[in-house]
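I opened my notebook to keep track of what I looked up, one topic at a time. Come along and check each entry against the picture.

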Number of protein chains: 2
Amino acid sequence: MNPVIVLVRPQLGENIGKAARAMLNFGLTELRLVSPRDGWPNPGAGPAASGADIVLERAQLFDSVADAVADCAHVYATTVRKRGVTKPVVTPEAAAAEVRARAERSAILFGPERSGLDTDDVALARTILTVPINPEFGSLNLAQAVILVAYEWSKHAPSDADGHAALASPPTTDLGSPAPQEELEGMIEQLEGMLDGAGYYFPPERAPTSRRTLRTLLTKPAWTSQEVRTVRGVLSALAGRKQHRAEEA
Amino acid sequence: MNPVIVLVRPQLGENIGKAARAMLNFGLTELRLVSPRDGWPNPGAGPAASGADIVLERAQLFDSVADAVADCAHVYATTVRKRGVTKPVVTPEAAAAEVRARAERSAILFGPERSGLDTDDVALARTILTVPINPEFGSLNLAQAVILVAYEWSKHAPSDADGHAALASPPTTDLGSPAPQEELEGMIEQLEGMLDGAGYYFPPERAPTSRRTLRTLLTKPAWTSQEVRTVRGVLSALAGRKQHRAEEA
């Protein structure tokens with residue numbers, strides 16, 4: 001079940017829009033707002049959402065964190081710094097795996113831009129979610145924290161609760177099939193013929209080593225048939241240039 | 001070795017600052033800028049960096065992507081959409097593991113805000129880096145793409161915030177380290193010079209496509225410095241043969 005993203009007392013409408021955009025990139029659509037400073041709806045949110053309007057339109061408004069997470073069995077409080085609280089602390093990765101494995105609804109709390117969640121907000125959560133960060137420079141803004149959590153969640157998504165297809169993973173590496181060996185041989189033969197004529201294999205006793213070096217180098221790329229044809233075209237052009245120049249001379 | 005983050009023709013100084021902030025959060029400090037639209041330094045960058053000034057101060061400026069990655073053996077091109085290129089495509093997670101496991105320097109390219117990397121930029125890279133994203137709403141901004149990549153990289157760091165040990169994968173040395181990008185460029189330049197003379201790039205309007213095809217094909221093998229030298233020797237021999245025959249004629 002997809003987690004609910006809860007923004008607690010967010011200050012700028014722009015940041016609410018950016019959070020919505022961050023969510024939708026990774027397939028999260030359920031946004032809840034607790035007492036946004038400038039009310040709701042907020043005219044600054046839409047432009048910053050860059051098209052993630054559906055998340056803003058469906059956003060629900062609450063007066064308290066307790067109300068916002070009332071239907072959630074698992075609540076995570078996102079904090080950057082360690083708090084003097086005795087609760088388990090997990091990374092976004094671990095949280096994502098937990099959320100994904102559960103049948104019940106989870107909520108992830110994010111605090112106001114300037115101050116983060118306060119102690120009473122954190123007290124409502126069973127688990128602390130902390131992004132491991134440069135100990136000498138920890139400066140994540142609200143939308144960045146949301147995007148890292150949403151991104152990790154998406155990595156565990158085989159297909160979401162509504163049966164939607166998985167997120168578009170990069171296509172499996174398709175470099176094309178390597179050309180059949182005989183095409184590779186034809187190319188090597190063509191090159192060796194040209195190099196023979198150019199006196200490349202000198203002194204003769206080193207020729208076998210040179211041939212082996214070239215063969216290894218030309219076998220390594222796993223070129224496709226098309227690529228082998230291109231290389232042969234290049235070789236023919238170079239050979240033709242020679243003839244052309246020879247005619248000129 | 002920490003990867004280099006390369007912003008290619010970034011438009012807004014503000015976004016350069018945000019990218020620097022995103023980097024430093026996860027321990028990355030080496031930023032390179034290729035032809036930023038509004039020049040460099042840019043007064044909009046500092047405030048947006050929120051204290052990540054050290055990254056901006058050390059940022060290096062380049063005129064071309066080729067120059068920016070000249071000392072890097074592995075180049076990743078970050079793209080959101082599928083491209084009609086036959087290169088391996090990896091997630092930020094897989095890229096982070098690869099970068100971490102290697103002894104040589106890696107560079108990760110990010111394109112301009114509006115358009116992303118163009119086809120020629122992508123052609124310089126051996127690998128495509130794509131963030132798996134909602135197929136119905138893919139809208140990552142520049143700093144968000146940077147932070148996801150930096151975050152994944154940090155997860156493979158020698159010890160994370162909790163002091164966990166690194167996932168120490170042995171570097172894959174059996175194929176030899178790929179040559180630095182500038183050596184590859186030198187080889188491509190040599191071949192293109194020969195092909196220009198041979199009339200290979202005809203008709204002229206197809207030349208950019210032909211050049212890209214050749215570049216992709218020659219980038220694919222991950223040839224070592226020794227192998228690149230061998231290929232250059234082969235090319236020199238072929239060029240010499242031409243002259244030799246010309247003299248004969």
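The entries below go from ground rules to the interface, then to charged pairs and a few backbone details.

**Ground rules**

I am reading a predicted model, where local features need pLDDT of at least 70, side-chain atom pairs count only at pLDDT 80 or more, and totals for chains, interfaces and linings use all residues. Residues are numbered from 1 along each chain as its sequence is written, chains are lettered from A and ligands numbered from 1 in the order in which they are written, and side-chain values use heavy atoms, with hydrogens and water left out.

**Entry 1: where the chains meet**

I started with the contact between the two chains.

Between chain B and chain A it is about 5700 Å². Carbon and sulfur atoms give 65% of that area.

I then turned to polar contacts across the interface and noted 20 residue pairs, both residues at pLDDT 80 or more. A polar contact is a pair of N or O atoms within 3.5 Å; within protein, one must be able to donate a hydrogen and the other to accept it, and residues adjacent in sequence count only if both atoms are side-chain atoms.

**Entry 2: salt bridges between chains**

I searched for salt bridges, meaning a side-chain nitrogen of Lys or Arg within 4 Å of a carboxyl oxygen of Asp or Glu.

I picked out Glu152(B) and Lys155(A), whose closest N and O atoms are 2.5 Å apart. This pair crosses from helix α7 of chain B to helix α7 (residues 142-155) of chain A. Is Glu152(B) buried or exposed? I have Glu152(B) down as buried, at 0% relative accessible area, while Lys155(A) is partly exposed at 27%. (Buried means under 20% relative accessible area, exposed over 50%, partly exposed in between, with a 1.4 Å probe and protein chains only.)

Glu93(A) also pairs with Lys155(B), with the closest N and O atoms 3.4 Å apart. I could then follow a network of salt bridges linking Glu93(A), Glu152(A), Lys155(A), Glu93(B), Glu152(B) and Lys155(B).

**Entry 3: salt bridges within chain B**

I found Asp121(B) and Arg9(B) joined, with closest N and O atoms 2.8 Å apart. Asp121(B) sits in helix α6 (residues 119-123) and Arg9(B) in the loop between β1 (4-8) and α1, so the pair ties together parts 112 residues apart in sequence. Asp121(B) is buried at 5%, whereas Arg9(B) is partly exposed at 29%.

**Entry 4: backbone details**

Most residues other than glycine have a negative phi, and most peptide bonds are trans. I therefore wrote down the exceptions I met. Arg9(A) has a positive phi of about 45°, and phi of Arg9(B) is near 45°.

I also noted a cis peptide bond between Phe202(A) and Pro203(A), with omega about 0°, and one between Phe202(B) and Pro203(B), again with omega about 0°. Pro203(A) lies in the loop between α8 (181-197) and α9 (207-219) of chain A.

**Entry 5: one residue up close**

Last, I visited Val231(A) in helix α10 (residues 225-248) of chain A. Val231(A) is buried at 13%. Which residues does Val231(A) touch, not counting those up to four places away in sequence? I found Met187(A), Trp223(A) and Leu217(B).

Methods. Buried area = accessible area lost by both parts, 1.4 Å probe. Helix = DSSP H or I, 4+ residues; strand = E, 2+ residues; numbered from the N terminus. Contact = heavy atoms within 4.5 Å.
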